[in-house]
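Please keep the sequence and the structure in view while reading the points below.

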Amino acid sequence: MAWNIRGVVNKATVHTLKNLVNQNRPSIVMLLEPKCSGDTASKAIREMGFFFSIREEAVGFSAFHPGRGSHMIKEKVMNGEWVPMKAGRNGPAISHLLFADDILLFAKASEEQMRTVLDALHQFSEASILKVSVFKTSIYFSKSVQRGERAYICEISGYKEVPYLGCYLSSMITNERKIKKNYKTTLEKAKGKMRGWKAHCLSFVGRITLAKSVISAAINYKMMHEKVPKGICYEVEKMQKQLIWGDSEEGRKFHAIGWKHMCKHLNLRGLGFRNLSLLNDAFLMKSTNCYGR
């Protein structure tokens, strides 16, 4: 049985599973959430020596019936049973957010509301013949909720409390201010990619292409949905400049052109680099325009 293992159908893993099957001779082998397509999973099962398989595609809270999951929560909100979270004094009320087979539920931190949420999850289980995983489900409280109330709500639900919602789609979900230490991994990835290339063996044009396509791209995804501190943008731009002009630990070499001129368009006799802080603002403005429609 493989549970939530990425790359479960790669050659090494299939070989390991095949050996386990040959040793233990099980009648049934179950691959749960193998993080791959159904066809790929079926191929891996055949390679293990099984010629008959039953494949069941995963469905989430929003997919067990067209719209039923969302409609059920909306009905509870309209009936006054479910008290949603308000995004600001004059902002919209948010009761749930759905993405693929994942869901975020928002409600008032009270015993009554917790039982309402549990009732909705129970209705989901009855309708879909699926169960909500207790180990994968967690509760995040606001700072205004007292410790005793938190402990009681967790005891009722059986879910664990977490200090933050965690990382989702490579992005940390938190309501705290993003600081430099939150981007330590991103900077290390950019440095790792730069070390992987023998920059001293590349021409000047090659180093420019590498700085544009590899180093800048390492932080572009982050900039599309959050405001990146200017200090982090400066660090990435510094890596680009060091790569282009050949700076090393031994010393800084001569920079023939200023960064502002390098950020100009090629038609304006620049090198086509982008000011990352301005690019971050442009990404966020584009997102605001898309969601505002």
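Two residues are said to be in contact when heavy atoms of theirs lie within 4.5 Å. The structure is a predicted model. The protein has 293 residues, of which 31% count as buried.

**Overall architecture and confidence**

- The protein contains eleven helices and ten strands.
- Among contacts with a separation of 6 or more, 58% are made by residues 24 or more positions apart.
- The mean pLDDT of the protein is 79, and 85% of the residues reach 70 or more.
- Among the elements, helix 5 (residues 147-157) has the highest mean pLDDT, at 91, while strand 1 (residues 2-3) has the lowest, at 50.
- Over residues 59-67 the pLDDT stays under 50, and the model has 17 contacts beyond four places in sequence for these residues.
- Where pLDDT is low, the predicted coordinates should not be read in detail.

- The buried residues of helix 5 are Arg150, Ile153, Cys154, Ile156 and Ser157.
- Viewed down the axis of helix 5, these buried residues fall within an arc of 160°, and they therefore line one face of the helix.
- On the other side of helix 5, the residues Arg147, Gly148 and Glu155 are exposed.
- The cover over the buried residues of helix 5 includes helix 4 (111-128), strand 7 (138-139) and strand 8 (160-161).
- Just after helix 5, Gly158 adopts a positive phi of about 85°.

- Leu276 is located in helix 11.
- Is Leu276 buried or exposed? Its relative accessibility is 0%, so Leu276 counts as buried.
- Because its relative accessibility is 1%, Asn280 counts as buried.
- Leaving aside neighbours within four places in sequence, Asn280 is in contact with Met223, Glu226, Lys227 and Val228.
- Which backbone oxygen lies 2.9 Å from a polar atom of the side chain of Asn280? This backbone oxygen belongs to Met223.
- The side chain of Asn280 also reaches the backbone oxygen of Glu226, at 3.1 Å.

- Glu226 lies in the loop between helix 8 (217-223) and helix 9.
- With a relative accessibility of 10%, which is under the 20% limit for a buried residue, Glu226 counts as buried.
- Not counting residues up to four places away in sequence, Glu226 touches Ser171, Lys178, Tyr183, Asn280 and Leu284.

**Aromatic pairs**

- How many aromatic pairs does a search of the whole structure find? The search finds two.
- One of them joins Phe204 and Trp245 in a tilted arrangement, with 5.5 Å centre to centre and 45° between the planes.
- This pair links distant parts of the chain: Phe204 belongs to helix 7 (residues 204-215) and Trp245 to helix 9 (residues 230-245), 41 residues apart.
- Phe204 has a relative accessible area of 32%, so Phe204 is partly exposed.
- Trp245 has a relative accessible area of 12%, so Trp245 is buried.
- Trp259 and Phe273 also form a tilted aromatic pair, with 5.3 Å centre to centre and 45° between the planes.
- Because Trp259 lies in helix 10 (residues 259-262) and Phe273 in the loop between helix 10 and helix 11 (276-292), the pair ties together parts that are 14 residues apart in sequence.
- Both members of this pair, Trp259 and Phe273, are buried.
- Which residue lies over the face of Phe273? Lys212 does, at 5.5 Å from the ring centre.

Note on methods:
Residues are numbered from 1 along each chain as its sequence is written. This is a predicted model: local features need pLDDT of at least 70, side-chain atom pairs count only at pLDDT 80 or more; totals for chains, interfaces and linings use all residues. Side-chain values use heavy atoms; hydrogens and water are left out. Rings of Phe, Tyr and Trp (its six-membered ring) pair if their centres lie within 6.5 Å; planes under 30 degrees apart count as stacked, over 60 as edge-to-face and the rest as tilted. Helices (H or I, at least four residues) and strands (E, at least two) are DSSP runs, numbered from the N terminus. Buried means under 20% relative accessible area, exposed over 50%, partly exposed in between (1.4 Å probe, protein chains only). A charge sits over a ring if NZ of Lys or CZ of Arg is within 6 Å of the ring centre and within 35 degrees of the ring normal. pLDDT is the predictor's confidence in each residue, from 0 to 100. The arc is that of the directions from the helix axis to the C-beta atoms. A polar contact is a pair of N or O atoms within 3.5 Å; within protein, one must be able to donate a hydrogen and the other to accept it, and residues adjacent in sequence count only if both atoms are side-chain atoms.
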